[in-house]
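Reader: I'd like to go through the labels on this one and hear what stands behind each. Can we take them one at a time?

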Amino acid sequence: MSEIIILFLGAISAGLLGSLTGLGGGVIIIPLLTLGFGVPMHYAIGASLISVIGTSSGAAVAFVKEGFTNMRIGMFLEIATTAGAIVGALVSGILNPNTIGIIFASILLLTVILNLKGKPDHQEPLVKGSLEEKLKLYGTFPDKGVLKSYSARNTVPGFLMMMFAGAMSGLLGIGSGALKVLAMDNMMKLPFKVSTTTSNFMIGVTAVASALIYFQRGEIIPVIVAPVLIGVVIGSFIGSKTLMVSKTKKLKVFFAIVITILSIYMMYNGINKSFR
């Protein structure tokens with residue numbers, strides 16, 4: 001019972017940190033379960049995926065109502081992320097837990113770097129006769145009371161990047177939000193608010209696709225999942241409120257240092273074959 005309470009409190013911290021840094025709770029949950037509680041890697045990934053579904057769902061509804069999320073672009077790119085997530089989840093069943101730990105640490109470092117970089121804010125006009133016009137990958141979003149128009153660019157490279165992001169989500173049990181935003185920001189040149197909110201909408205759907213495979217393999221254990229899910233949701237809620245009054249830049253730098261140390265420790269344990 002005491003272990004469940006400690007896990008619950010740890011999950012609250014993971015949700016809080018994930019919300020404040022924008023990296024999501026999964027980047028903390030996996031190290032917490034594997035290194036802190038000795039949970040086998042695949043069970044930790046299964047629990048993390050369920051927490052990703054929970055945290056994404058609540059925030060996604062609010063962003064859709066506010067008019068930031070582009071449902072059409074999200075559902076189109078979801079084809080790529082879902083396909084990638086299924087492949088990632090299947091590959092996860094074959095790979096050694098220590099190999100997964102090393103890949104997780106590498107992606108975590110990449111995510112921290114992407115999260116600290118300045119975010120471009122594009123607003124591209126629609127090009128007549130383009131692939132984006134044919135697929136209707138354009139829209140409007142509210143900005144200080146004014147509706148602004150935008151259109152996607154470079155749809156094919158963005159689609160391929162989304163497949164990679166989905167594969168990492170299914171393989172590692174994280175939202176891969178930073179990789180999705182990278183595809184929509186840097187490649188497809190969508191406005192930052194649109195790419196961030198659309199990515200948040202997609203994360204939950206992507207996680208469901210891979211979670212079903214983990215569930216079928218018996219790697220989603222209720223006694224682990226329940227405290228993690230509830231704790232991460234509570235932590236994310238507290239984090240979203242704290243975010244309004246905190247100095248986010250300093251927080252992001254501080255947590256980036258913490259997560260970098262964590263990822264190096266994950267890498268060390270993977271190389272030394274400490275995961276099971």
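Reader: What makes serine 199 count as buried?

Author: The relative accessible area of serine 199 is 2%, and buried means under 20%, exposed over 50%, partly exposed in between, with a 1.4 Å probe and protein chains only. So serine 199 is buried. Bear in mind that this is a predicted model, where local features need pLDDT of at least 70, side-chain atom pairs count only at pLDDT 80 or more, and totals for chains, interfaces and linings use all residues. Residues are numbered from 1 along each chain as its sequence is written, and side-chain values use heavy atoms, with hydrogens and water left out.

Reader: Where is serine 199, and which residues is it in contact with, leaving aside neighbours within four places in sequence?

Author: Serine 199 is in helix 9, residues 192–216. Helices here are DSSP runs of H or I with at least four residues, strands are runs of E with at least two, and both are numbered from the N terminus. With those neighbours set aside, serine 199 is in contact with Gly177, Lys180, Val181 and Met184; contact means heavy atoms within 4.5 Å.

Reader: Why is glutamate 66 called partly exposed?

Author: Its relative accessible area is 44%, so glutamate 66 falls in the partly exposed band. Glutamate 66 belongs to helix 3, residues 41–66.

Reader: Which residues of strand 1 are on the covered face and which on the uncovered one?

Author: Gly139, Phe141 and Asp143 make up the covered face of strand 1 (residues 138–143), while Tyr138, Thr140 and Pro142 are on the uncovered one. In a regular strand, side chains alternate between the two faces of the sheet.

Reader: How many aromatic pairs are there, and why is one called tilted?

Author: The structure has two aromatic pairs. In one of them, the ring centres of phenylalanine 76 and phenylalanine 159 are 5.3 Å apart and the planes are at 45 degrees, so the pair is tilted. Phenylalanine 76 is in helix 4 (residues 71–92) and phenylalanine 159 in helix 7 (residues 155–172), 83 residues apart. The rule is that rings of Phe, Tyr and Trp (its six-membered ring) pair if their centres lie within 6.5 Å; planes under 30 degrees apart are stacked, over 60 edge-to-face, and the rest tilted. As for cover, phenylalanine 159 has a relative accessible area of 21%, so it is partly exposed.

Reader: What puts arginine 217 over the face of tyrosine 214?

Author: Arginine 217 is 4.8 Å from the ring centre. The rule asks for NZ of Lys or CZ of Arg within 6 Å of the centre and within 35 degrees of the ring normal.

Reader: What makes helix 2 mostly covered?

Author: Eight of the 11 residues of helix 2 (residues 26–36) are buried, including Leu33. Glycine 38 follows helix 2, with a positive phi near 65 degrees.
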